[in-house]
Amino acid sequence: MLLRYVNSDKNDSTIGVRGKLKKNQETFDVVIVGAGFAGMYMQHKIQQRGLSVRLYEAGSGVGGTWYWNRYPGARVDVESVEYSYSFDDDLQQDWSWSERYASQPELMRYANYFADRFSLRENMRCDTKVTAAVYDAEKLNWHITTSQGDEVSAKYCVLATGFLSSGSVPDFKGLNDYNGNTYLTSKWPKEDINFKDQKVAVIGTGSSAVQSIPIIAKQADHLTVFQRTPSFSIPARNGPMDREYEKRVKSDYPEWRRRQRYESRAGFIALNFQPTAPNNKSAIDVSDEERLIDYETRWESGGLCYYNSFVDLLTNEKANDTLAEFVRNKIREKVKDPETAELLAPKDYPIMAKRLCADTNYYETYNRENVSLVSIKDSPIEKLTKKGVVVGGHEYEVDSVIFATGFDAVTGAIKNIDVRGVAGESLDEHWEGAPRAYLGLMSNGFPNLFFLDGPCANGALVSPMLLSEHQVEWVDRCINEIGVGLGAEIVPTLEAEDAWMQHMHDVGKDSLLHLANSWYMGANIPGKPRALLSYLGGLESYRQQCSSGEANDYGNFVKTR
Ligand code: NA7
């Protein structure tokens, strides 16, 4: 099988400075893993403090998730003016987005602009995977090993490895027998791929598939989509940036950011949408007419704004079903063939219990003559053969198979590193089953090790930019307030970690998220323990809890000075 999703990036113009020494044994104040938006901001903060820092990145350039997910149609589902750094007013004034939702190439331009503007490249090593991070309890530092043979040490280690960065391909029978081209959406090749004159299969119907299918369908001779679970998708209503609107936002950006932080549930308010405030009423207490007005207005606004709709949509099945049925009816209106429409209309899980998708012509694509939908819900993919995909005894012959099969989300990228804390205990052992991290920032037994956008914080359900800015600033303060002279060690107490896990459980136990087999629950990966991976208390509550963590001179931590 030709694995086309493995890139060769040797001539990439976006590369940082690569490791030149065979065995680099330097010592740093801070080592950061990952040059996504969180890792780069962390590096900037550390550089501003005048501390020594090294950032390692597996890709050949910056951008993190956006570096790898370059599949056709890849774009962010939070509005560009919100999905951007807010910490520097000059930066947000200087940068101008071209569309309501930035595409992957534009996000890459932004990431590279950021790296240059804040002089990050010199302290970065790209094309370098961190393979192990082992704590030396005597020297009080982390010993970090990389795929390029670096062996460096650092007082502090920050894992900014991303929560959607470890792509997953199911272990289909016959995977290696298939002779055509294979692609993974989360490791898409850099060269232009065109499916003209090809018969193509897409496996999976999550967000990556929903974005890429309409584009691939226009190129391919025939596209067959293999769907196990349909997604709920809302029209994104993407378009060129409305310059008047941009001007309005920029005329008072701090106020827009304040609303994003304090007037939304998820850190985005879909600024174009009026009224922007979350609806704090119950969906079942209002009249049918009032409910419909909310749903229709948000449908017209587009995107993910149902996260700010009625307050009980994610806690009350009856309330949830009012919105689910509204969206199912929209699908039925769009898709001409009633049988296909019913297959595309999700009925087995609450809406938003898997992350909503935002699309451009997704459902309409199934009205094309060259597109067919095969439900594999009751009859899974049996195998791949030399020529294609077999379902229900029928062989679908295709030239290319695209795996849009998701991620080992939140913990996958962390677990790819052999992380060992005091007494040699591995993170895997400490997490035994489900991940544990106080405030989603640190784990007991792993001093001076921080997670950004990691487990037990609310990464899955809030705008990742806002969350990572908040976390980076917390870590920056922690390193500088506790690490006086960089001689200190800090680690959360087991009691604090237990209490946070209990709080996470209490806040999340009534959520409808438990009713879907999604990456939110780790349920999309065979063998991964089923557990809620994110904190569901909302951004504001999270911010308050993080402040409590800093209170009383970091009273919930053990410190050595
Ligand atoms: P998702 O949303 O996890 O989607 C993965 C899709 O792949 C989903 O439809 C899965 O079906 C399907 N899948 C996974 N394994 C199989 C097997 N074995 N057989 C058939 N189908 C399978 O990942 P995306 O990359 O689309 O999106 C991830 C996030 O990126 C998204 O939430 C946004 O935040 C942006 P299943 O639902 O498991 O039945």
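## A first look around the chain

The side chain of Ser 443 makes a polar contact with the side chain of Trp 431, at 3.3 Å. A polar contact here is a pair of N or O atoms within 3.5 Å; within protein, one must be able to donate a hydrogen and the other to accept it, and residues adjacent in sequence count only if both atoms are side-chain atoms.

Before going on, a word on the model. This is a predicted model, in which local features need pLDDT of at least 70 and side-chain atom pairs count only at pLDDT 80 or more, while totals for chains, interfaces and linings use all residues. Residues are numbered from 1 along each chain as its sequence is written, and side-chain values use heavy atoms, with hydrogens and water left out.

Ser 443 sits in the loop between helix 13 (427–431) and strand 19 (449–451); helices (H or I, at least four residues) and strands (E, at least two) are DSSP runs, numbered from the N terminus. Leaving aside neighbours within four places in sequence, Ser 443 is in contact (heavy atoms within 4.5 Å) with residues including Leu 427, His 430, Phe 451, Val 491 and Glu 497.

Now to the whole chain. Its secondary structure comes to 16 helices and 21 strands. For 561 residues a compact globule would have a radius of gyration near 24 Å, and the chain agrees with that at 23 Å; this radius is taken over C-alpha atoms, and the globule rule is 2.2 Å times the number of residues to the power 0.38. Along the principal axes, the C-alpha trace spans about 70 × 55 × 45 Å. Of the contacts with a separation of 6 or more, 73% are between residues 24 or more positions apart. Of the 561 residues, 60% count as buried, where buried means under 20% relative accessible area, exposed over 50% and partly exposed in between (1.4 Å probe, protein chains only).

| Residue | Relative accessible area | Class |
|---|---|---|
| Ser 443 | 0% | buried |
| Tyr 554 | 1% | buried |
| Arg 291 | 13% | buried |
| Thr 161 | 16% | buried |
| Asp 553 | 44% | partly exposed |

Arg 291 belongs to helix 8 (residues 288–301). A polar atom of the side chain of Arg 291 lies 2.7 Å from the backbone oxygen of Ala 283. Not counting residues up to four places away in sequence, Arg 291 also touches Ile 284, Val 286, Phe 310 and Thr 322, besides Ala 283. The C-alpha atom of Arg 291 is separated by 27 Å from that of Ser 541, 250 residues apart along the chain.

Thr 161 has its place in the loop between strand 7 (151–159) and strand 8 (181–184). With residues up to four places away in sequence set aside, Thr 161 touches Val 33, Ala 413, Ile 414 and Ile 417.

Our last stop is helix 16 (residues 539–554), where Asp 553 is found. Tyr 554 is in helix 16 as well. Phi of Asp 553 is near 50°, a positive value in a residue other than glycine, and for Tyr 554 phi is near 55°, also positive in a residue other than glycine. Most residues other than glycine have a negative phi.
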